[in-house]
Amino acid sequence: MGSRHLNLALAAAGNVAQNPRGPLVAASGLVIVLALLLSGLAISEGQRAESLAALEAGPGVYCTWDVFGRDAAVPLEAAERLASVSGVQRLVPRVVGRIELDGRIATVLGVPLSELQRADVARMQLSGAVPNAPHEVLVGVELARALGLEVGSTLALDAHLLRLFTVSGITHSTAPLWSAKAIVCDLAEAQQVFGDVEHVSDVCVYVPDGSEGLVAEAIQRSDRRFRVQTRDLVAQYFVRGHELRGGTFAALFALALALAVPTIATLSYLGATPRRREIGLLKAEGWSTAEVLEMVALESVMIGLGVATIAFALAVLFVRVLGAPLLAAYFVADLGAFPEARIPARFTAPMLVAAVGLGVTVTLAGSLWTTWRTARTRPIEVLR
Amino acid sequence: MNGSSPRPNAVTLPSPGARLLLVLAGLVALDCVILSSGVADTRRRSAALDAAVGGFALGHALGPAWSFHGFDPRGVRDCESELFPIVGAPCCDPGHRASRATRTGAERP
């Protein structure tokens, strides 16, 4: 019994190997669609994992300000009052601003120098050093490339005031993606540049693990104008948005895969004349319809397996070596078609299994119907 | 010399079908190696810079060219692009409709 299936498998492999033209045409289109789908899913998964890891590295509570029901900068005196709230361990005020540099929009992120200096510099993935003095800044890799900046270059930031800075470090392409077009500097310097020393954009509130909800409630009770977000809440809306974006992408490619089914069916039909003769001969030799169908199904499984494994390897090559040109811009706006920064991606074993499943399903769905119709016809009519 | 007898030390090539099965096995093995070697995981290994600045940028954009909401929704609840150029018109931010961070109207932190 087992040897019959093995013989059918060998016959199916022989058929595919000896008549590769038809399967190759159908499979090559499927490989491209599947490789792009896998690349997109891997980028989506990589971004999700990386963003959640970054969220874990941050504080438990974020505070901004509310004026007339709209977001506003936090007054510095209100931010300082947060230190007296029970459970607050440490406060890090930040300034996040937008500035134009040589026709490009860059993000200026001001944090106290002490926060940068206490960080694990060896693991920060940058050339040079973190800012050690108020006149020093850290520049993202994409921005540095666009502006021709190197460590030691002078950079002018001009918003309310024009101030000159020295580039102390440039992030690597493997650093967090947000840093690619950002400038990190001292909090007081950022306030000076934007001309507002009385406010900060938001405040990071570090609290003991597990007490985020309680501290958030205490802050809200201390002043209703605080807009308070816990790490869990941020993670919740991040995951929701992420799933929406990944889902839209997958839906588009599901449509492309669905279109592949009639394409393969059409190709099977067009190449059916020699195949009909072959099936007719097999039936005349005494093969049953089930055996013919099993052999064709095994052919489809082999083609699907080949398609999926090649698509997986190509997808890794596309993302890892080429940096997912064009596709990455779908997931990260403003990135550019050929980014310098490395795109976070994560290919997993379930993705490979799903790719094999999809490849086999599409090829099976496309070939079984035409084969079944031929195999049910009397051999004498097929061979006539 | 008898033409039908095989030459000594001749290597018999497997049939085309068997060769195809070997190629498929090789492809599966290649993918397994890619998965196990870590090549397929291009996430960064350190969140040190995030830790230094308090975590940043969960939005769909790499910068606040359109809005800070698209860059980091922690700081800004609403998309400023929705107010431009006609108030109430559909948002012109190309990434807004499928942001990486989205909220429903039910929450108001």
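**Helix packing and aromatic pairs, reasoned from the values**

Q: In which hand, right or left, does α10(A) cross α12(A)?
A: In this predicted model, the crossing in which α10(A) passes α12(A) is right-handed. The two elements are helix α10, residues 289-321 of chain A, and helix α12, residues 349-376 of chain A.

Q: Why are α10(A) and α12(A) called roughly antiparallel?
A: The helices pack at an angle of about 150 degrees, and their axes are 7 Å apart. Angles over 145 degrees count as roughly antiparallel, and α10(A) and α12(A) are therefore given that description.

Q: Which residues make the contact of α10(A) with α12(A), and how do they divide by class?
A: On the side of α10(A) the contact includes T289(A), V292(A), L293(A), V296(A) and F312(A), while α12(A) contributes residues including L352(A), A355(A), V356(A), W372(A) and A375(A). The contact residues comprise 17 nonpolar, seven polar and no charged.

Q: What angle and distance describe the packing of α10(A) against α1(B), and which hand does the crossing have?
A: Helix α10(A) also packs with α1(B), at an angle of about 35 degrees and with the axes 10 Å apart, and this crossing is left-handed. Among the residues that meet here are L305(A), A308(A), F312(A), A313(A) and V316(A) in α10(A) and L20(B), L24(B), L27(B), D31(B) and I34(B) in α1(B). Sorted by class, the contact holds 15 nonpolar, two polar and one charged residues.

Q: How do you know that I34(B) is buried, and which residues does I34(B) touch?
A: I34(B) sits in helix α1 of chain B, which covers residues 16-37. Its relative accessible area is 13%, and since buried means under 20%, I34(B) falls in that class. Leaving aside residues up to four places away in sequence, I34(B) touches F312(A), A313(A) and V316(A) in chain A, together with V39(B) and A40(B) in chain B. Between I34(B) and G17(B) there are 26 Å from C-alpha to C-alpha, at a separation of 17 residues in sequence.

Q: How many aromatic pairs does the structure hold, and what makes the pair of W178(A) and F56(B) edge-to-face?
A: Over all chains there are four aromatic pairs. The rings of W178(A) and F56(B) lie 5.1 Å apart, centre to centre, with 80 degrees between their planes.

Q: Why is the pair of F312(A) and F347(A) given its name, and what parts does the pair tie together?
A: The ring centres of F312(A) and F347(A) are 5.7 Å apart and the planes stand at 75 degrees, so this pair is edge-to-face. F312(A) belongs to helix α10 of chain A, whereas F347(A) lies in the loop between α11 and α12 of chain A, so the pair links parts that are 35 residues apart in sequence.

Q: Are F312(A) and F347(A) buried or exposed, and which values place F312(A) and F347(A) in their class?
A: The relative accessible area of F312(A) is 0% and that of F347(A) is 6%. Buried means under 20%, so F312(A) counts as buried, and so does F347(A).

Note on methods. Residues are numbered from 1 along each chain as its sequence is written. Chains are lettered from A and ligands numbered from 1 in the order in which they are written. This is a predicted model: local features need pLDDT of at least 70, side-chain atom pairs count only at pLDDT 80 or more; totals for chains, interfaces and linings use all residues. Side-chain values use heavy atoms; hydrogens and water are left out. Axes are lines fitted to C-alpha atoms, for helices over the stretch in contact, and angles run from 0 to 180 degrees between N-to-C directions. Helices (H or I, at least four residues) and strands (E, at least two) are DSSP runs, numbered from the N terminus. Angles under 35 degrees count as roughly parallel, over 145 as roughly antiparallel, 65 to 115 as roughly perpendicular and the rest as oblique. A crossing is left-handed if the near helix is turned anticlockwise from the far one by less than a right angle, and right-handed if clockwise. Contact means heavy atoms within 4.5 Å. Ala, Val, Leu, Ile, Met, Phe, Trp, Tyr, Cys and Pro count as nonpolar, Asp, Glu, Lys and Arg as charged, and the others, Gly among them, as polar. Rings of Phe, Tyr and Trp (its six-membered ring) pair if their centres lie within 6.5 Å; planes under 30 degrees apart count as stacked, over 60 as edge-to-face and the rest as tilted. Buried means under 20% relative accessible area, exposed over 50%, partly exposed in between (1.4 Å probe, protein chains only).
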